[in-house]
Amino acid sequence: MSNEMDIVLEVNGTQYPLRVEPRRTLADTLRDQCGLTGTNSGCEHGVCGSCTVLVDDEPVRSCLMFAVQAAGHKIRTVEGLADGERLHPLQQAFIDNHALQCGFCTPGFLMLAVGALEKNPDIGDDELRDVLSSNLCRCTGYQNIVKAVRAAALQMRAQTAGR
Amino acid sequence: MKPGQFSYHAPKTLDEAVTILGTVAGADGRVIAGGQSLVPAMALRLAQPAHLVDINGIAGLDRVFTDGGELVIGACARHAAFERPVIAGPLGILLAAVVQHIAHYPIRTRGTFCGSIAHADPASEWCLVAATLGARMVARSTRGSRSIVEPGFFQGMMATALEPDEMLVETRLPLLAADARCGFNEFNRRAGDFAIAMALATYRLDNNGRIIEPHVGVGAVEGSPRRIAEAEAALAGQQPGTAAFAAAAEAAALAVEPIEENAELAGYKRDVVRAVVGRALEMAEKSQ
């Protein structure tokens, strides 16, 4: 039985016309059919957060959403963060603060944090820790991730103020 | 870890949704809203629905508003909508406190209040709220609309009074009086995990400072969350404080029947119930 559907996904501003089975998750579709392998698939049942992307600017687990459900919505992945060669402040802060080791969880953390900071640039420490507790990292022990997001938040606020 | 095959339906109106559900319900058709419980179950092949009726594209289902003495929560209102109080008064504050215990932020942006109610996980915070406050669930099918009042809606672990062809279109919570005191406490090993036990308590005081209208609900212990009459009886007419709260907590610990068959685990659950009921009551006392 094939019940494939024709959809168009908008990812990082680019339109991707695709034919997908309804059971195909957004995570798998991004990786296998859009060729955007920055989004990592970890647990595939919504626990680890490594597949976090933004859908209409809200962080969501892309393994818990079907691609057919994402059609007509604005999807952002880690590939859309940098502006050409210039890294997003959050990406730079992850490097500067040693917030990654193996890097598997990093795209998920970046999209989680970007979504949270864009929504609430003045996010407090407690709320930030609560947000970051959504995703799993087995290398860093989280402290440096918290540090990096705090540093990026400062810089993003300064940039907004300078405009 | 890949979901099995299903046919996907994306109705644009409520009428269309219940019509489709009516035709596919007999062929293992299910409604999907946030999908934050259903999709993991599908990935693990614990659920293999043949049809999914996706209600996310129906305009207006995410509304949360007051109607008479009730807070009306639409089928697609996300958990995250409750992070700031949705109405003035104790109920909005209570819901904002409770929502912090539901999974994690990216789950809360997608998962829905009514989805939790229809899924009826014993450890669902929203189910405990519905059971303790006495919610009214509005179900719709091609056969018409009906209200199902709790108690009577939850029927054990992941079982409700909803028929397969019925869609839960809204949950109606009775508003709390402006002077109502309320508290919620949940115990789990890590933030965001399923609760080991949780309690919700509300009460008011009469002119003599004595407890009236006590509601004490316990969740994550039995197949469904429910009010514990024995704990409420221990509170009614008493002065709020350590003695009354301890008596109510003890009554709750004795009254619950944990689903654990292992006697040690069941005993542990009772200990946790005692603690969370006591803490919920202490929080309620400080809430006004």
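**Packing in the predicted two-chain model**

The buried residues of helix α6 of chain B pack against α3 (90–99), α5 (113–119), β8 (167–174), β10 (197–205), β11 (211–219) and β12 (226–227) of chain B. The structure is a predicted model, in which local features need pLDDT of at least 70, side-chain atom pairs count only at pLDDT 80 or more, and totals for chains, interfaces and linings use all residues. Residues are numbered from 1 along each chain as its sequence is written, and chains are lettered from A and ligands numbered from 1 in the order in which they are written. Helices (H or I, at least four residues) and strands (E, at least two) are DSSP runs, numbered from the N terminus.

Helix α6(B) spans residues 125–133 and is mostly covered, with nine of its nine residues buried. A residue is buried if 20 or more other C-beta atoms, placed from the backbone, lie within 10 Å of its own. The buried set runs through E125(B), W126(B), C127(B), L128(B), V129(B), A130(B), A131(B), T132(B) and L133(B). G134(B) follows the helix, with a positive phi near 80 degrees.

V129(B) lies 53 residues from C182(B) along the chain, and their C-alpha atoms are separated by 11 Å. C182(B) belongs to strand β9 (residues 181–187) of chain B. C182(B) is buried, because 25 other C-beta atoms lie within 10 Å. Beyond neighbours within four places in sequence, C182(B) is in contact with P90(B), L94(B), L176(B), A201(B), T202(B), A284(B) and S287(B). Contact requires C-beta atoms, placed from the backbone, within 7 Å.

The largest nonpolar core holds 135 residues. Such a core is a set of buried Ala, Val, Leu, Ile, Met, Phe, Trp, Tyr and Cys residues joined through C-beta atoms within 7 Å. I117(B), A201(B), A248(B), A252(B), V273(B) and V277(B) touch the most other members. Outside four places in sequence, the contacts of A252(B) include V216(B), I228(B), V273(B) and V277(B).

In chain A, helices α3 (residues 89–96) and α4 (residues 106–119) pack at about 130 degrees, with axes 10 Å apart. Axes are lines fitted to C-alpha atoms, for helices over the stretch in contact, and angles run from 0 to 180 degrees between N-to-C directions. The contact is made by L90(A), Q91(A) and F94(A) of α3(A) and T106(A), L110(A), A113(A) and V114(A) of α4(A).

The contact between the chains takes 24 residues from chain B and 23 residues from chain A. On the chain B side, β1 (7–9), α2 (38–43) and α4 (105–108) each supply at least two residues.

Methods:
Two residues are in contact if their C-beta atoms, placed from the backbone, lie within 7 Å. A residue is buried if 20 or more other C-beta atoms lie within 10 Å of its own, exposed if 12 or fewer, and partly exposed in between; C-beta atoms are placed from the backbone.
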